[in-house]
Protein chains: 2
Amino acid sequence: MNRKRVSIKDIAQAAGVSHPTVSRALRGKGRMSSATRARILQIAEEMGYTPSLVARGLVTQRTESVGLVVADIADPFYSEIIKGVEQVTQANGFSLFLGSAIDDADQEVRMVRSFLGRHVDGLIVSSSQVGNGYQPILEDVGTPLVLINTHVDGSQFHSIYHQDFQGSQQMLQHLIRQGRRRIAYLGNRSAGRAQTERKRAWQTTLGQEGLPAKVTLDCPNSHIQSGFATLPRLLEQAQRIWGEAPDAIVAYNDLVAIGAMKALQRQGLRVPEDVAVMGFDDIEVAAFTSPTLSTWRQPRYEMGVRAAEVLLDLLREEDGRREDGEEPPREIAFSGELVLRESA
Amino acid sequence: MNRKRVSIKDIAQAAGVSHPTVSRALRGKGRMSSATRARILQIAEEMGYTPSLVARGLVTQRTESVGLVVADIADPFYSEIIKGVEQVTQANGFSLFLGSAIDDADQEVRMVRSFLGRHVDGLIVSSSQVGNGYQPILEDVGTPLVLINTHVDGSQFHSIYHQDFQGSQQMLQHLIRQGRRRIAYLGNRSAGRAQTERKRAWQTTLGQEGLPAKVTLDCPNSHIQSGFATLPRLLEQAQRIWGEAPDAIVAYNDLVAIGAMKALQRQGLRVPEDVAVMGFDDIEVAAFTSPTLSTWRQPRYEMGVRAAEVLLDLLREEDGRREDGEEPPREIAFSGELVLRESA
DNA sequence: CTGTTAGCGCATTCAT
DNA sequence: ATGAATGCGCTAACAG
């Protein structure tokens, strides 16, 4: 029952050298007789040595770790982002801290603060409710931050985002070309920028076509159940305003859309004959619902990958020149694509 | 452009005291004049002090962090587990390292090793392909490990698992009561114990009822698409062996089942009239497919929560007595429940 | 109640 | 090519 980890000092003693020598041998730093090096590596192996990244981090001021904060880990949208980030960080020898902040700005900041306390080398925050608010917190410590889907005008931070407005617009135009005239929007109250952009696209596009953008309701969150439960009230609203049901529903995302489709079918309405339904994201299951769901493909995994790549680039640059360049924050826009299936 | 973080020494200097005093003030350790304490806290606040958990970890030998390894982050099964673990760790002030090891035992071990290098206080591994193999790695460092869904006989580690065998058995019995006689199993090649148990239940239960357990095929993984693509070949096999289609299909999990349902419908077979379909897990979308999916509810989120709770308990105990108790590993079995919907 | 001293495990000067 | 000394930021022991 060996209570203690072996340190480079232990190895040094066993090998009859000093610990700095072991340190060099282990990391291949500086030239040294390959004889002693081999011996040291040998002994380290035998003793089951594992370098303490904690101690190393304290002296080098780099922990080879990054922190990721998302709203909801179990949401398939974020799951894929997490997966993308994890893949890249892991491949580059970085460890990943994960935290969630279910639509709570305070919690989000607390999460980031705790990661800073752990000296992460970089941060990624998806769908931040804070955005530029991190400026004062981060400027002192100089930790780089990459935002995902938090595009704010004049962002102080590097930002990866998807062009929700353009995507939604194209979806709307498709519906209009199809001859749909009573197009309702089923939103999500607890989403930030994504909701804002998508709803704005709905209003704008309908406005341009001289169609009324009046029937809309927001779900409390983006669960399937939420779309299912909210849809009936959306129908009531349509009845009140138009005297009949919508002939198309644009949903905040696929989950909400799936719930809405089910609810429509429960009421005896046919999709897409009576009501067309469009989602957003193109999650895996969208291709397998009945009817299959037309939607907008947002490359979530790739966005996670890209965010991590940008962050790691930043860290590498930091190693070179000492922040003199101070280049402007990068903005990387993803555009996605329309995916037409059966529901619209 | 403050390149340097403020340390307790900086605060000490500003306050005209020694740094240990600051340390105590900040953590409320030992009694001291509340006057100076207030002043110190005040100054720390003003200077934007954040304690370095790296340095603290080095001296206390506790990092207040845990490492979690799962097979696939984006799989809804694991997503919920991650969420459960994260919720509990976060609530207790621990940070969470997340890593994935897509069905690769070596990768899994590498992940655990890297977490050990980071001095995590505890580890959780879901669906481990290594299991007791961690014994030699962990005994030296004494880091506790909790396994999820990796129940091996005579496990050396604490283990949270779901009783897949019993669950599957009840599902089978339901189908048999319904009068189904040609029951096929659509599995998943890349799953470990879960696959083994579920398939074994299928064989055993059918055997007990004198029914043939002959038609079975394994998907390459547990994606919807995988179930969709593999089902046709399962039908061919049934045709060859029985001369007709199965009247029921038990799938490895809900994702595979959803793909299978879609493929069946594509072939003009009705679910459940011609073929009943049962999934496993009860993921959110299962209640919203057409037809809605009958399945077995596995409390994934709760299992994640429980795993984290057990681990944190272990850590608290460790603080007390010095590992003398050495109690036997706990085993916590979850049982789940049958969820009957339209598909079977 | 507070200051002094020491050391966690490692990397990094500087000597030699 | 290697050893001695120093410090990263913090907590823990012990004085005072």
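**Exercise 1.** State which element gives the largest share of the surface near DNA strand C.

*Solution.* The largest share, five residues, comes from α4(A). Helices (H or I, at least four residues) and strands (E, at least two) are DSSP runs, numbered from the N terminus. The model is predicted: local features need pLDDT of at least 70, side-chain atom pairs count only at pLDDT 80 or more, and totals for chains, interfaces and linings use all residues. Residues are numbered from 1 along each chain as its sequence is written, while chains are lettered from A and ligands numbered from 1 in the order in which they are written.

Next, consider the whole surface. DNA strand C is surrounded by 24 residues, where a residue is near a strand if its C-beta atom, placed from the backbone, lies within 6 Å of it. Among the closest are Ser7(A) and Met32(B). Two or more residues each are given by α2 (19-27) and α4 (53-60) of chain A and by α2 (19-27) and α4 (53-60) of chain B.

Finally, classify the residues. Eleven are nonpolar, nine polar and four charged; Ala, Val, Leu, Ile, Met, Phe, Trp, Tyr, Cys and Pro count as nonpolar, Asp, Glu, Lys and Arg as charged, and the others, Gly among them, as polar.

**Exercise 2.** Determine which element gives the most to the surface near DNA strand D.

*Solution.* The element is α4(B), with five residues. Around DNA strand D there are 25 residues, and those that come nearest include Met32(A) and Ser7(B). The division by class is eleven nonpolar, ten polar and four charged.

**Exercise 3.** Find the rotation that superposes chain A on chain B.

Now examine the contact. Chain A contributes 47 residues and chain B contributes 47 residues, two residues being in contact if their C-beta atoms, placed from the backbone, lie within 7 Å. On the side of chain A that touches chain B, 18 residues are nonpolar, 19 polar and ten charged.

**Exercise 4.** Give the order of the strands in the open sheet of chain B, and explain why β7(B) and β9(B) each have one side without a neighbour.

*Solution.* The order is β7-β6-β8-β9, with parallel pairing; two strands pair if DSSP finds at least two bridges between them. β7 (216-219) and β9 (276-278) of chain B stand at the edges with a single partner strand each, so one side of each lacks a neighbour in the sheet. Between β6 (residues 183-188) and β8 (residues 248-251) of chain B there are four bridges. Ile183(B), for instance, has Ala248(B) as its bridge partner in β8(B).

**Exercise 5.** Decide whether Asp282(B) is buried or exposed.

*Solution.* Asp282(B) has 23 other C-beta atoms within 10 Å. A residue is buried if 20 or more other C-beta atoms lie within 10 Å of its own, exposed if 12 or fewer, and partly exposed in between, with C-beta atoms placed from the backbone. Asp282(B) is therefore buried. Its phi is positive, about 65 degrees, although Asp282(B) is not a glycine.

Methods: Copies are superposed by least squares on the C-alpha atoms of residues with pLDDT of at least 70 in both.
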